[in-house]
Amino acid sequence: MATLTEAPPPLTPTAAETKPPRRRGRLTPYLLLLPGLLWLFVFFALPMIYQASTSVQTGSLEEGYKVTWHFATYWNALSEYWPQFLRSLAYAASATVLCLLLGYPLAYLIAFRAGRWKNLVMILVIAPFFTSFLIRTLAWKTILADGGPVVGALNSLHVLDVTSWLGWTSGDRVLATPLAVVCGLTYNFLPFMILPLYTSLERIDGRLHEAAGDLYAKPWTTFRKVTFPLSMPGVVSGTLLTFIPASGDYVNAELLGSTDTRMIGNVIQTQFLRILDYPTAAALSFILMAGILIMVTVYIRRSGTEDLV
Amino acid sequence: MEQYEPDRLSPAQMAAIRRSYRNGRAALTRRSLLRASAGGALTLGGLGALSACGIPAAGKTEGGTSAEDHSAKEKTVSFSNWTEYMDVDDSGRHHPTLEAFTERTGIKVKYTEDINDNNEFFGKIKPQLSAGQDTGRDIIVLTDWLAARLIRLGWVQKLDPSNLPHAYSNLSPQFRNPDWDPGRAYSYPWQGISTVIAYNKKALDGTEVKSVSDLLDNPRLKGRVGFLTEMRDTMGMTLLDMGKDPARFTDDDFDAAVARLQKGVDKGQIRRFTGNDYTSDLTKGDLAACLAWAGDVVQLKADSPDVDFVIPDSGYLTSSDNMCVPNKARHKTNAERLMDYYYEPPVAAQLAAYINYVCPVDGVKTELAKIDEDAASNPLIVPDKAMQAKSHAFRSLSAEEETAYETKFAKLTGA
C-alpha cells in the first residue's frame with residue numbers, strides 16, 4: 001500500500017551523530033547559555049533570595065530589619081489572609097475556564113477554517129497587546145458602565161437578577177463586583193490561552209481527520225477522540241499561562257472590583273507599599289508561589305500529557 | 001501503484017526527525033518541567049541558608065546628611081515632581097516659569113515628572129536614602145505624611161533660611177506650622193490640596209448631599225458612593241463628620257470612625273475606595289458622590305458641567321505637597337533658590353493660574369487677578385477667610401500609629 005511506504009526512515013544512529021565533538025565545540029553550548037543564566041541569576045535567583053530573607057526578618061523601618069528566622073510570619077499571614085488566597089484561586093480558575101471555553105473554538109477556527117484570513121485573525125488576537133494592560137482594563141470600566149448599553153441590556157434581560165442572586169454581581173450593576181473582575185481577568189489573559197492552543201491545533205495533521213471520517217467517526221467523535229487529545233499540550237500550557245498570572249494579578253481587582261473582591265495581589269501590594277510590612281508581604285508572595293507550584297504539579301501529573309507546547 | 005521514495009536525508013535532518021519522534025518538537029515536556037521545578041525548590045532551600053547573612057536592613061542613615069554642595073560650580077538643579085503639576089505653554093513643550101528662572105539665574109533645571117504615588121515613590125528612593133547615597137534629585141515633592149516620615153528618618157536636609165527670604169515672608173499662615181515640621185525647617189509647600197465632597201448632579205437626581213453622613217446613610221446613594229484610598233483623607237473627613245478634630249483624635253476616635261465606614265462597606269453603600277481614578281467614575285455617573293481632591297474638581301467642572309463640589313459644614317481637610325531636599329543632593333543651594341523663586345507672588349500666580357490647586361503663597365490674589373479673574377475668586381485656589389476657618393489638618397503619626405492605622409484602614413478597604 002502506498003500509505004505504508006511513507007513510514008518514517010529507520011531510527012538508527014548515523015555516523016555524524018556518534019562521532020565525539022571537539023573540545024571547543026563542547027564548551028560552546030555553555031557559553032551560549034551564559035547570558036541567559038546570568039540574567040536568571042540576577043533577576044530571578046537574587047530577588048528570590050532577598051525575598052526569602054525578608055520573609056523571616058523582623059523589625060521596623062526606623063530600627064531596621066534583622067533576620068530572626070521568624071517563621072510565624074508565614075502562619076500569621078496565612079491565617080489572616082486565607083480568604084483572599086481562596087478568592088484569588090477561585091477567580092483565576094473561573095477566568096481560566098472561561099478563557100478555555102472562549103479560546104478553544106477561536107483557536108480551532110484559526111487553525112482549520114480561517115484559510116487565507118489566518119494571519120489577519122492572529123493579528124487581531126494579538127492586537128490588544130499594542131496598548132497597555134492598564135488602558136485595556138480601564139476600557140472595561142467604560143464598557144461595563146452602570147448606565148451603558150451592556151449593563152442596560154443585561155438588566156432588561158433579567159440576567160443581572162440571576163447573577164446577583166448567585167452573588168456574582170450586586171444590584172443592577174456589574175462594575176465593582178466579582179463578575180467584573182473575572183471578566184477583566186478573562187479578557188486580559190485570553191491571548192495567552194489562544195496562542196498555545198493554536199500552536200498545538202495547527203500541528204495536527206488534517207489527514208487524521210479524514211482518516212477518522214473514513215473509519216465512520218462522526219465529527220463530534222473525531223473531535224473527542226482525535227483532535228482534543230492531540231491538542232492537550234496546548235490546553236495544558238494555555239491553562240498554565242492563564243492561571244498562574246491571573247492568580248497573582250491585582251490590577252483587575254483594583255480597577256474593576258470593590259472591597260469584597262480584593263485578591264492576594266492587592267494584599268501584597270498594600271502590605272509592601274502602604275503598611276510597609278515587608279516580611280508579611282514577602283511571606284505572602286512565597287505562600288502564593290508555593291501554592292501555585294503544588295497545584296500546577298498536581299495538575300500536570302493528572303493531565304497525562306507529555307508535551308507542554 | 002506509484003511508490004513514494006523520499007529523498008536521501010542529511011544527518012542533521014535525520015537527527016531532527018529522530019527527536020521529533022521521541023518527543024514531538026517540544027523541548028519542554030511535563031517530566032522536564034516537574035524535574036525543573038523540583039530542582040528549583042531544592043536550590044531555593046539551599047540558598048535559604050545564605051539568606052542569614054549579607055542582606056542589609058532598611059534603616060536610619062548613619063553619618064552626614066549633606067553632601068558637598070556643588071551649586072556654585074554646577075549651575076543645575078534636578079527637580080522631581082508629580083505629573084501635571086507645572087505650568088506648560090501652548091506648544092506643551094516649555095515650562096514658562098522654569099525657563100524664566102533659568103534666564104534670571106543661569107541655573108538649568110532638570111525637571112522630571114516621575115512621582116505618581118507617594119507609596120510607590122517612597123519604594124523607589126528608599127534603597128538609596130537608607131544606604132546614604134545620592135538619589136540624583138535635588139528637590140522632591142512629597143505629601144505631608146511622607147515628608148514627615150522622611151524628616152523622622154533623617155533622610156532630608158535642613159534648609160538654609162537665608163536662601164529662602166520670599167518663602168519665609170510669603171508662606172500663608174495656614175501652612176506655617178505643621179506639627180511634623182514646625183516653622184518649616186525642612187520643607188516648603190509646593191501646593192495645597194483640599195479634600196472635599198464632589199458629586200454628579202445628573203446622577204444624584206435631586207438627592208441632596210452636604211456631608212459625609214449623607215454619603216454613608218442616604219439609601220438612595222447605595223452602591224454609588226466613593227471614598228479615597230488615602231487613609232488620612234478618608235479618615236479625616238469621617239472624623240470631622242463625627243465631630244472629632246483630625247488634628248487631635250485618639251485611638252478610640254479612629255476605631256469609631258473605622259467602624260462607621262465599615263458599616264457603609266458591609267451594607268454596600270460604599271462602591272469602592274479609589275485613587276485618582278474616581279474622576280472618570282464621577283463624570284460617567286457611576287459614582288453619584290464621593291470624596292475628591294479640589295484641584296481635580298476645578299478641572300472636572302471645566303470639562304463636565306454636571307460635576308460640582310460641596311464643603312461640609314463640619315469642615316474639610318487640607319494637606320500639602322512639600323518640596324524637600326533629600327540627603328546627599330549635590331545642588332542644595334540651587335534647590336533653595338528655586339524653592340524661593342516660586343514664593344514670589346507673580347511667579348506663584350502664573351503657576352496657580354495653570355494648575356488649580358491651593359496656592360500656599362500670601363498675596364497671590366492680586367497677582368492672580370491680573371491673569372485670571374475667575375481663578376483669583378475661586379475659594380478652592382485662593383481660600384478666603386471663611387474657607388480657611390473650615391480647613392483642618394491631619395495630625396502627624398508616630399511610626400507605630402502609622403502602621404496600626406494603615407493596617408486597620410487596609411482591612412476596611414478589603415486587604
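Me: How far apart do the end C-alpha atoms of residues 85-299 of chain A lie?

Reply: Heads-up, this is a predicted model: local features need pLDDT of at least 70, side-chain atom pairs count only at pLDDT 80 or more, and totals for chains, interfaces and linings use all residues. Residues are numbered from 1 along each chain as its sequence is written, chains are lettered from A and ligands numbered from 1 in the order written, and side-chain values use heavy atoms, with hydrogens and water left out. An unreviewed UniProt entry puts the feature "domain: ABC transmembrane type-1" on this span, though such annotations may be inferred rather than shown by experiment. The span is 78% helix and 0% strand (DSSP runs: H or I of at least four residues, E of at least two), and its end C-alpha atoms lie apart by 18 Å.

Me: What span should helix α18 of chain B have?

Reply: α18(B) covers residues 399-412, which is 14 residues. The expected span is 1.5 Å times one less than the number of residues.

Me: Which residues touch the most other members of the largest nonpolar core?

Reply: A nonpolar core is a set of buried Ala, Val, Leu, Ile, Met, Phe, Trp, Tyr and Cys residues joined through side-chain atoms within 4.5 Å. The largest one has 119 residues, and those touching the most other members are Leu150(B), Trp190(B) and Phe227(B).

Me: Is Asn356(B) buried or exposed, and at what relative accessible area?

Reply: Most residues other than glycine have a negative phi. Asn356(B) has a positive one, near 65°, and sits in the loop between α14 and α15 of chain B. Asn356(B) counts as buried, with a relative accessible area of 12%.

Me: What is the relative accessibility of His158(A)?

Reply: His158(A) also isn't a glycine, yet its phi is positive, about 60°. This residue is in the loop between α7 and α8 of chain A. His158(A) counts as partly exposed, at a relative accessibility of 49%.

Definitions and conventions: Buried means under 20% relative accessible area, exposed over 50%, partly exposed in between (1.4 Å probe, protein chains only).
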